[in-house]
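Work through the two exercises below with the sequence and the model at hand. Each task is followed by its solution in steps.

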Protein chains: 2
Amino acid sequence: MKSHKHPLVTPTRSVDGGSWAGSRHVSPVETWLFNRLMDLMGDPAVSVHFWDGREHYRCPHSQPVGLMRFMDRTTFWRLLANPTLHFGDSFSAGRIQVEGDLVGFIEAVYDAKVRRTRPGALQALIKRGLMRPGRSNSLSDSRDNIFHHYDLGNDFYRLWLDDEMAYTCAYFADPRMTLEQAQAAKLDHIARKLQLRPGEQVVEAGCGWGGLARHFARHYGVHVRAYNISPSQIAYARERAQAEGLDDRIQYIQDDYRNIRGKYDVFVSVGMLEHVGVRDYKTLGRVIDRSLKDDGRGLIHSIGQNRPEPLSAWTVKRIFPGAYTPTLRQMMDIFENPGFSVVDVENLRLHYAKTLEHWLARYERHEGEVRKMFDDFFVRAWRLYLSASIANFRAGSFQLYQVVFTRPSKHDMAWTRAHLYQGQPPPQPRA
Amino acid sequence: MKSHKHPLVTPTRSVDGGSWAGSRHVSPVETWLFNRLMDLMGDPAVSVHFWDGREHYRCPHSQPVGLMRFMDRTTFWRLLANPTLHFGDSFSAGRIQVEGDLVGFIEAVYDAKVRRTRPGALQALIKRGLMRPGRSNSLSDSRDNIFHHYDLGNDFYRLWLDDEMAYTCAYFADPRMTLEQAQAAKLDHIARKLQLRPGEQVVEAGCGWGGLARHFARHYGVHVRAYNISPSQIAYARERAQAEGLDDRIQYIQDDYRNIRGKYDVFVSVGMLEHVGVRDYKTLGRVIDRSLKDDGRGLIHSIGQNRPEPLSAWTVKRIFPGAYTPTLRQMMDIFENPGFSVVDVENLRLHYAKTLEHWLARYERHEGEVRKMFDDFFVRAWRLYLSASIANFRAGSFQLYQVVFTRPSKHDMAWTRAHLYQGQPPPQPRA
């Protein structure tokens, strides 16, 4: 089993080594500074206790939905210096503790931020030290970034994903669906949006563990070439396609989307765009343009946001190096140069919140097994990541866009979208 | 009745006054130049005859779908100097004639252009003398521009619009619908997207002849304040609301959208954005932001395009001064600053082609009446405008976007879009 080391998180040391840092006394300056930060953050509906055990911030407008504790002064000052980075690391190290509902606590913080209509001083403050959203990921960067996340081991993801290993937003056509049903419903929703016809050629960029290709080949009779740079995901996908007798219709290719070759009826990419640097969106557009036949069409499914802001420094550092969630405007870099028509955009953000709720519940059920694979820091970090993601989608700071596009002169798209909501989807992929 | 004078369209004069221009002989240079222009335009599937009565261009790839004639040499040279402006004026003056299906002819031209993936030399050529897309419309410009088009007289539009006077894309939920049914279906589609609830306050920017406000007030029990700067449209709208007993729920206000005051649950604008300069999209966003309550939502319905290009010089000069059709990227200027969530984008371009087919058929049926109101130039110009619009929407050079947006933290939007396609819409507005 792998062990993740976090050398930056050393045992508490006082900032100046003197007795001041060791004192449990909270100075009025510390209280004032923290309340100023909360003010800039829109006064989230939370309560915050300091290392003296006493409450030093309480939302002035509404009942706190959660309580957070600084375990020591050093953590407090680290947080002030770079809140988005050090909240995550300090939480993971157990030096910030949240009592009660973690998701609700984070949601209160995001909600206050989202309700601030104008990006203000806080933006300038929290952008310190964050990634540049415009950075481009080279082929080798991309490999390193993807290894960091997706090669934590299939055994780890198997603990809390559905049995097809879909690691993207599901579609709860009915909110009572199981996670398995909703992941299959997502694939059917996409297949219907793309109006797949038997025998067509589909290319997929960023195929994860290969579930979309299996579902499309099995239920829609299409041929799929699916690209992914993660070796452990590709190995898993090939094994399953073979075991399920689908390897005559699916080719899993361990390569970058920029190396896609051939001509296809359909281009599809679910949850890869977050790992494509904004500067490469035009490249992606060129790849799609040269890959699509004259009557081709496609769909891109990606996390997005309303305004262009970097992901939190902590997320980029610990969870998704090189990741970025685009605005719809930025996504148009993909479609505009090749002159594609955008025919449908659907925002499924609340479906992602629900998907993540299922993942978090399964993660918590399997905490003991995760703990055998990784250290405490990792266990808490992933709890925070899943919880914060739920909060982001609920509060509306993250969106989930499905964008359908066609060649500009394609005329035989569906007359309305009614067909997406009529009739039965194909049977579930596995009994 | 009004008469439109077109001083620029004087009787044919030779370009140099000599016998060369009067000669019916076509020089090899003229043939070569024209074929070069056709090449730049992607070799449209048409045939072109010159003033000597002979064919000098024929599509090298496919059977021509239409035939165009230059009636004289001067018209030919004018067209070369500024094709997008002078095609329209020369057609309207009868100096360019198209035999057979005018829509099919124009569609062949647009189709060739749309299929050229990269904007190239042609772009540079045809942009000569065109409007700047970035221009802003001042309040008085806006008034002049709107008067030019919408104050041609209600009697004129009544000849070929539906009986609610909707001058925007209809929604043919079923392609066999009548125009009247499809215009009502469009309003129901919008009402469902907005999830209108009885008693809510709606503000409409650019209300035309007021049909949306009447439909919403009558069938959804909401209160509507509808803004429009066209006096003849407002007068018509007020009269009808009173006659139909809706004036307790509708206020028609003769004013610019920038002067909207008050707080509303819903913002809606159908077919106004085309008259808002791109530079004012952020202003429009601010107007919406200050007008919407905390759980507000809205819809903007507008003609759009895949890449940012000005409307044809002729359209801007003769039909829609100050008009521009934005890309989705440009539309994001409205939503991004106030941090709105875009929750749904639908592209209804083929529905606009069908709407225009209905309008053109009615226009042709009433040609005799139009001819009593306006001169021949006007009659042909409007035939060209309606035909070219059909061709633009069919060929995919125009799009029709309906964009639904909400406050970022609004959580009670519909879980899926299935409700748009279920159950019966309310009964038709008029027996």
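**Exercise 1: a helix pair**

Helix α15 (residues 349-365) of chain A packs against helix α17 (residues 376-395) of chain A at an angle of about 155°, with the axes 8 Å apart. The model is predicted: local features need pLDDT of at least 70, side-chain atom pairs count only at pLDDT 80 or more, and totals for chains, interfaces and linings use all residues. Residues are numbered from 1 along each chain as its sequence is written, and chains are lettered from A and ligands numbered from 1 in the order in which they are written.

Task: classify the packing of α15(A) and α17(A) by direction and by handedness.

Solution.
1. Axes are lines fitted to C-alpha atoms, for helices over the stretch in contact, and angles run from 0 to 180 degrees between N-to-C directions.
2. Angles over 145 degrees count as roughly antiparallel, so α15(A) is roughly antiparallel to α17(A).
3. The crossing of the two helices is left-handed (the near helix is turned anticlockwise from the far one by less than a right angle).

**Exercise 2: the contact of chains A and B**

Task: describe the side of chain B that touches chain A, by element and by class.

Solution.
1. Chain B and chain A each bring 35 residues to the contact (C-beta atoms, placed from the backbone, within 7 Å).
2. On chain B, α5 (102-115), α14 (328-335) and β10 (341-347) are the elements that give two or more residues (helices are DSSP runs of H or I with at least four residues, strands of E with at least two, numbered from the N terminus).
3. β10(B) gives the most, seven residues.
4. By class, this side has 16 nonpolar, ten polar and nine charged residues (Ala, Val, Leu, Ile, Met, Phe, Trp, Tyr, Cys and Pro are nonpolar, Asp, Glu, Lys and Arg charged, the others, Gly among them, polar).

Terms used
Contact = placed C-beta atoms within 7 Å. Parallel < 35°, antiparallel > 145°, perpendicular 65-115°, else oblique.
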